[in-house]
Amino acid sequence: MLITNSKYYPLFFLLFFIDLVCAQNTANGKIVDARTNKEITGVDIFINDSDKASLTTTTGNFTIQSDSIIYKLKFLRKNYGLQSVDITPQNANNVFVKLAQEKVSNIEEVVIHNEKPKYKNKKENPAYAIMQEVWKRKRNNGLDKFNTYTFKEYEKIQFDANNLDSAFMNKKIFNKLDFIFDYADSTASGKMGLPIFLNESIYENFGRNKPDKRTKRLLVAQKTSGFQDNQVITITAKNLYRDINIYDNTINYFDIGFPSPVGETGFSTYDYNLVDTISIRGENAYKIRYLPKRTEVLAFQGYLYIDTDSYAVLGATLKSTQKINVNFINSISTELEYDNPDENTFLPKKFVTEIELTPFAKKKTSKSIIAKRSVDYSNYEFNKPLEDKVFVRREEEYDNKFVDKDDAYWVKARPDSLSKSEQGVYEMLDKLQQTPKFNRIVKIYETLASGYYNAFKGIDIGPIFSIYGKNEVEGDRIRLGARTYFGQNDPWRIQFYNAYGFKDKQFKYGVEGRYMFNRLNRFMVGAGTRRDIMQLGVQLTNDDGIMSRSFASSTLFARGENASLSSVNQTNIFTSIEPWKNFQVRIDGTMQSIKSANPDGFNLMYYRNGELRKTVNDSHVTVSLIARPGAKFSQTGVDRYEHGTLAPTIVLKYTRGIEGLFNADYSYNKLQFMFYKPVLIGSWGKTLINFEAGKNFDTVPLALQNVIPGNQSYSLASNTFAQLNYYEFVADTYATLHLEHHFNGKILSYIPLIKKLKLREVAFIRGAYGTMSDASKAINVEGFKYSAPSDHIYYEYGFGIENIGFGNLRIFRVDFNWRGNYLDRPDISAFGIKAGFQVGF
């Protein structure tokens, strides 16, 4: 089974500690005229993002209540500008509101509607004329305009939660942890909320556009509630969010594309309605409400605030529909504010995104986590001289000093002070860390998230998901391993495993050590050795890493017997360095011997100088260039966690076999290339592209050849051919292409009844072409059995159904695969079904 995106596992664990930040359901205060300070009556008060007024005042004073948490109040009266006030427990009483009179001239030939009107066509809609002007004057991020720029970025991520009740709080899991509920507040529904996580980060950003384009984002301070040493939780939180540009046609959430209401294709997804003209930070703005034409699609609803003179976006709200079809997500809402320094550009001012996560049901009463991220951009400076050394990575940037800032620093650095509830998060988590039971629960979470169990100080046992396996040669197989682990920034690590097959009654092993000399350029050396049963030929652009799990022990159920397993003795040494960010140079030296693990069913014998041999001795050096432009990583040790991005992976490898070195049998040259990239295709979903090509320039036996990857298991295996048998195609020269498109339910959402299941469709096509010389066939005893897809491009096609499950837990996928050609071959399968788990949004 294929289990991906393990970085999301911590989200489910955090539900044990469901959170609250500032739960508040009542507020009161006074409303006055900003110029005269006289009380105003007849003011409509809106709670949070509601479009319907909850109260119209009859005096200058007001008291308002809600069944849900009040985090914002909006005040509106005719001839006055809209005023919005954030509500916290500290300011909920005696809110003092000043409304300023508007001086907006009448807009000729524009009719303002409060209800959604019906138009014969979009050209009759006054909002369409406004949006046309927005598209015509589409703005670009102002940072691209200036020769140089700097700005400060303050990011706050907090995990909050709703719907805790007495039954939940009385669960055994909270025995001896019940003091945490002292930090909880009641909501109007009678449920409780509890703070669990708060992370604050401050970044300094530098950029240069001329003479060359360079950027740098420097983390200068970070503070995390109770988890300063556990960056996995922090990374999980940051992985929920992506950068947003409201002017783009597609907005990225969770690496899923949502159509932007400001994009030029917006009218194909949304209905727009001009509802008012208001004042936004002193600027007159059209207030346009937008709604998706179909609620089943991935889309937003909310308001756009467009400057009446320049048609710039001053602000926007994006809120998901109740039928949002994203795993583990109940709702998304984002508020955006922009500054517009001139007619062509915008600058981000403040972004606030709130995500409600639940593991199972989408009911409003379900226990959930509210993950809120706010980012304030400030201290913009432009065309200030920046020396080259500003953009050069320095060793001191990788020290942990950014976590050593004292409270006085944070008081000064924050744009707004923390609320009492937010301050309580730090205090509560500090107390929890002193509680043995809490630390045991955290240990369970760390085990599930990392796959390793911390048995002793500095020693982890695992990976736990590799303990059991099965194959034709070994039968049932048990694998037990361990690694050193003192912290997330360890500069060295040793790993090993032992395995035993109950059918062949043989022990196997693997051990590898790595040491990193420099965290700046990640200069690293390592060495390892292993003796194991392996399934070769399931990966083209593979690496020589010792600790990678063998595909042979990953398949519990398969079509047909898999006898094509190899016995491999391998020793590897390597060194790697990153001379530039996200660009790695790695050199491997490998010595190995390979023979069939099942001689009766799989023949690897070959001829060398007229002599029949069964074991291939090989020594080779590999130089790999690996580029990950745009990838984001956390940690600075030998192992790093990667943030979710759409970054491509580009690999170029050259391998040189050296005859005679450690009794190696062959000299040969091999060149390989691999390109992988996920691409968002607007509202139509995401395409995964994987292209590989390579060439063996010399004749080598089957054990060293390029094997087009097959998959005889019933499980999903990425970048393999589902209907190929192992070793069915072997090639000196090859090229493969895998295209897989995820529609995110775009098509099935049109089908009655089916759309209620919230299934998502996947379409894919795979192709391979290659050639194999007569010499390469002749060198193998059974070379006549092997051929390359040289007559025609071999291809497969099919479709899949993903998002199978219930509620918010939809992690099962089924694929239906058809073989396109080479159907006259014996023992082939023209059609097959694969299934597995996909953990992701």
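This is a predicted model: local features need pLDDT of at least 70, side-chain atom pairs count only at pLDDT 80 or more; totals for chains, interfaces and linings use all residues.
## Strand β19 and its two partners

Strand β19, which spans residues 313-320, is mostly covered, with seven of its eight residues buried. On one side of the pairing scheme, β19 and strand β18 (residues 300-307) are joined in the antiparallel sense over five bridges, and within this pairing Y305 has G315 of β19 as its bridge partner. The hairpin of β18 and β19 has five residues between the strands, and there Y311 adopts a positive phi near 60°.

β19 is also paired with strand β20 (residues 329-339), again by five bridges and with the two strands running antiparallel. In this second pairing, A316 stands opposite L336 of β20. As background to reading such strands, side chains in a regular strand alternate between the two faces of the sheet.

## Aromatic pairs

A search of the whole structure gives 41 aromatic pairs. One of them is formed by Y270 and Y290, an edge-to-face pair with 5.2 Å from centre to centre and 85° between the planes. This pair links distant parts of the chain, since Y270 lies in strand β16 (residues 270-280) and Y290 in strand β17 (residues 283-292), 20 residues apart. Both tyrosines, Y270 and Y290, are buried.

The rings of F517 and F523 are arranged in another way: their centres are 5.3 Å apart and their planes stand at 25°, so the pair is classed as stacked, given that planes under 30 degrees apart count as stacked. F517 is exposed, with a relative accessible area of 52%, whereas F523, at 31% relative accessibility, counts as partly exposed. Elsewhere, ring pairs link F146, Y149, F151, Y247, Y338, F346, F351, Y377, Y380 and F382 into a cluster.

## Salt bridges

The count of salt bridges comes to 32. One of these joins E335 to K72, with the closest N and O atoms 2.1 Å apart. Because E335 lies in strand β20 and K72 in strand β5 (residues 72-76), this pair ties together parts that are 263 residues apart in sequence. The two partners fall into separate accessibility classes: E335 counts as partly exposed at 28% relative accessibility, while K72 counts as buried at 6%, the limit for buried being under 20%.

A further salt bridge is found between D639 and R493, whose closest N and O atoms are 2.5 Å apart. D639 is placed in the loop between β35 (633-634) and β36 (641-642) and R493 in strand β27 (residues 492-501), so this pair ties together parts that are 146 residues apart in sequence. Here D639 is partly exposed, with a relative accessible area of 30%, and R493 is buried, with a relative accessible area of 2%.

## A network of shared partners

Salt bridges that share partners join E474, R477, D504, K508 and D532 into one network. Among the contacts of these residues is the salt bridge between R477 and E474, in which the closest N and O atoms are 2.8 Å apart.

Key: Residues are numbered from 1 along each chain as its sequence is written. Side-chain values use heavy atoms; hydrogens and water are left out. Buried means under 20% relative accessible area, exposed over 50%, partly exposed in between (1.4 Å probe, protein chains only). Helices (H or I, at least four residues) and strands (E, at least two) are DSSP runs, numbered from the N terminus. Two strands pair if DSSP finds at least two bridges between them. Rings of Phe, Tyr and Trp (its six-membered ring) pair if their centres lie within 6.5 Å; planes under 30 degrees apart count as stacked, over 60 as edge-to-face and the rest as tilted. A salt bridge is a side-chain nitrogen of Lys or Arg within 4 Å of a carboxyl oxygen of Asp or Glu.
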